[in-house]
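Take a walk through this structure, one chain at a time. Keep the sequence and the 3D view open as you read.

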Amino acid sequence: MSGSENAIELNGLTKSFPGVRAVDGLSFAVRRGEIFGLVGPDGAGKTTTMRMLAGVLAPDEGSATVAGFDLARDAERAKHRISYMPQRFGLYEELTVDENIRFYADLFGVPRREREERSAELLKAAGMAEFRSRLAGKLSGGMKQKLGLVCALIHTPEVMLLDEPTNGVDPVSRRDFWRILYTLLDQGVTILTTTAYLDEAERCHRVALLHEGRMLFCDTPANLKASLPGAVLSIVCADPRPVRDLLAGTEGISTVMIVGDGLHLVVRDPQRMIPELRSRIAAAGLSCDAIEQVAPSIEDLFVEAVQGDWGDNGHERDRGGER
Amino acid sequence: MLGRLRQMLIKEFLHVIRDKRARFFLFAPPVIQTLVFGYAATLEIKHVPVAIVDYDNSQVSRDLVSRFQASRYFEVRRLADRREIPDLIDRDQVIMALQINSGFARDLRKGETAHLQVIVDASNSNTALVGLGYVNQVAQGFARQYRIEALNRQAPGVAASLPEIVVERRPWYNPDMTSQWFFVPGVIGNLVLVIVVTLTAFAVVREREIGTLEQIMVTPIRRTEFILGKTIPFFLIGLLDTALISLAGTLWFRVPLTGSLLVLTAGTVCFILCMLGVGLFISTVSATQQQAMVTSFFFIMPAVIFSGFGSPISSMPLLLQRLTYLNPLRYQEVVLRSVYLKGVGFDVLWPQMAAMALIAVVMLTVSVLRFRKSLE
């Protein structure tokens, strides 16, 4: 890798498909050894960005550097340093765990001894050491994805591109998965991940929010939360839908979102708002339990950024440059 | 480079060995279809079921009927009433009916033209045509015999001095005109076409469907390595199937392999390369295995029909005849039958091989170029 402190750099990366601009002038940088999260709704351009960085999709405009290689000129050389893991890692179901690993190891030209050592180590970390001779098709969904991770790591990449890697994976496998990722970070690997789980986004060093192919914000989760104008109120109630309909559009409330046990509101003045909310909900003949201020989550930020007032002046807050 | 290619090949063969469907598809259809075509696909028409109504019931008419009965081409069924004929034809009990009217013998005796009515079920026009030909043959043979006897009665010995033309049949390359000798070599081309095209198309589309294609493309593998890894196995399978069917044809149906194995192999190699090109092309225009299946079907049907495998190309409309020059199977059928039965070599068959080689180069180039685009 070159002397640059950035493992991944995007400069005005753009890709259009018929009728849609999937990625629109995207620029950001990921530092070496960092875990960087891309968050956004479906169609935000996350997967397209990942595929361009992996070298399987050519951008229409802009440039990108991964592991010190300019993808326009050196995509093939960059591939040795990159690992790409999509939502469903492509495994051969009629090959065994070992045969799948061996296949990908040979495509990357990993020497035999290194392959043996590394696959033993990775399989152990994934809790799959005893399944080496099982057909990949006979593994559970979480196991398959962990095997994918093992295959994706067999060539000791410098940069990992993970596209919603734990989507639909059971909690135990997800935990194994993240443990492996943290080990990699300790080893100096750079990780760029997209995720639909916002709790996962909070584990990243920095997060970028993507919407319709553009970046809305980019910062550490803590800074992003601190920069949220107003505060988040949690209303615990059994039947949140009528309450949401009642409160949506109220002056002083910028977003109302249904969460697990009730609602989250982003409001300007929480102390004044709490008693006002209680009386309005009671007046409408609805009921609720606790109303209290809570720490904002990435999810709150994201919904506020896409739907609320904040997004309108969002580009002033775009600190994602780092170029 | 070799490590990556080798691993692609190992993976591909493991797949074939472990996948029940793939295993079946490779070896069962060639054997079954060779047997089916060998026994069932025949242009010969034997044992034509024919009904005969004889209203003349004379010595002469009975002689004529017995001639039909003696012929191995007919299964004769005698009727007393011609009103039974329509029902028998409707039910496919007979496909022809002959009616000898009363006065048949009298007309012949007077030296007048005698009429023999033939009703034929022409819903299968081919059988009808061949059946009519057989009837004509028997009737003319009978008439000739009748004339000779009539002449001999008037002036003994005259008939012997009548000029005659006798057709001396010398069927080259297939003295007994066994239709299996014609069909079995042809089947080799058809089967290799179906197997190589569909397997190649499916193998690539399948990787696209399960996501391994994209996974492979993020590794440092080169496009050529991937394509070679995907095509070499089916190339070998195509050769193996050719050998298998040839063996079945030679051992079971006793079709002689007159020509050189080298010429046969050279033609087969050119042909399989064409089919790999077609299969790869189909894979670049299909996103799913279902699409690949439908697209393959659209190629396979016309390719077989317009190959000369069954009906001869020379009897097709001129425009279609010209289009068959684009069909690799057309050339391979010529190579197969010529090498098998005529025993000719490169000096005769080089134009066929050159045409297939050209088609192979064009198809493979187009497919490889399209392949990159189809990834996106």
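**From overall fold to ring pairs**

Among contacts in chain A between residues at least 6 apart in sequence, 71% join residues that are at least 24 apart. Keep in mind that this is a predicted model.

Stay with chain A. Its secondary structure comprises 11 helices and 14 strands. Along the principal axes, the C-alpha atoms of chain A fill a box of roughly 70 × 45 × 40 Å. Of the 323 residues in chain A, 55% are buried. The accessible surface of chain A is about 13700 Å². Carbon and sulfur atoms account for 47% of that surface. Chain A carries 38 positive and 47 negative charges.

Now turn to chain B. An unreviewed UniProt entry lists residues 21–41, 181–205, 226–253, 259–282, 294–313 and 349–371 of this chain under "transmembrane region". Two of these listed spans can be checked against the model. Residues 259–282 of chain B are 92% helix and 0% strand. The end C-alpha atoms of that span lie 34 Å apart. Residues 349–371 of chain B are 100% helix and 0% strand. Here the end C-alpha atoms are 33 Å apart.

Next, the aromatic rings. Over all chains, the structure holds 14 aromatic pairs. One of them joins B:Tyr39 and B:Phe253. Their ring centres are 5.1 Å apart and their planes meet at 65 degrees, so this pair is edge-to-face. The cut-off for that class is over 60 degrees. The two partners come from distant parts of the chain, 214 residues apart. B:Tyr39 sits in helix H2 (residues 20–39) of chain B. B:Phe253 sits in the loop between helix H9 (223–251) and helix H10 (261–285) of chain B. B:Tyr39 is exposed, at 53% relative accessibility. B:Phe253 is buried, with a relative accessible area of 7%.

A further pair is B:Tyr73 with B:Tyr134. Their ring centres are 4.0 Å apart and their planes are at 20 degrees, so these rings are stacked. B:Tyr73 lies in the loop between helix H3 (59–70) and strand S2 (74–79) of chain B, and B:Tyr134 lies in helix H6 (residues 125–154) of chain B, so the pair ties together parts 61 residues apart in sequence. B:Tyr73 is partly exposed, at 24% relative accessibility. B:Tyr134 is buried, at 13% relative accessible area.

Finally, return to chain A. There, ring pairs link A:Phe89, A:Tyr92, A:Phe103 and A:Tyr104 into a cluster.

Definitions and conventions
Residues are numbered from 1 along each chain as its sequence is written. Chains are lettered from A and ligands numbered from 1 in the order in which they are written. This is a predicted model: local features need pLDDT of at least 70, side-chain atom pairs count only at pLDDT 80 or more; totals for chains, interfaces and linings use all residues. Side-chain values use heavy atoms; hydrogens and water are left out. Helices (H or I, at least four residues) and strands (E, at least two) are DSSP runs, numbered from the N terminus. Buried means under 20% relative accessible area, exposed over 50%, partly exposed in between (1.4 Å probe, protein chains only). Contact means heavy atoms within 4.5 Å. Accessible areas come from the Shrake-Rupley method with a 1.4 Å probe; for residues, only the protein chains shown count as cover. Lys and Arg count as positive and Asp and Glu as negative; His and the chain ends are not counted. The place of a charge is taken as NZ of Lys, CZ of Arg, CG of Asp or CD of Glu. UniProt positions are given in the numbering used here, feature names are shortened, and annotations may be inferred rather than shown by experiment. Rings of Phe, Tyr and Trp (its six-membered ring) pair if their centres lie within 6.5 Å; planes under 30 degrees apart count as stacked, over 60 as edge-to-face and the rest as tilted.
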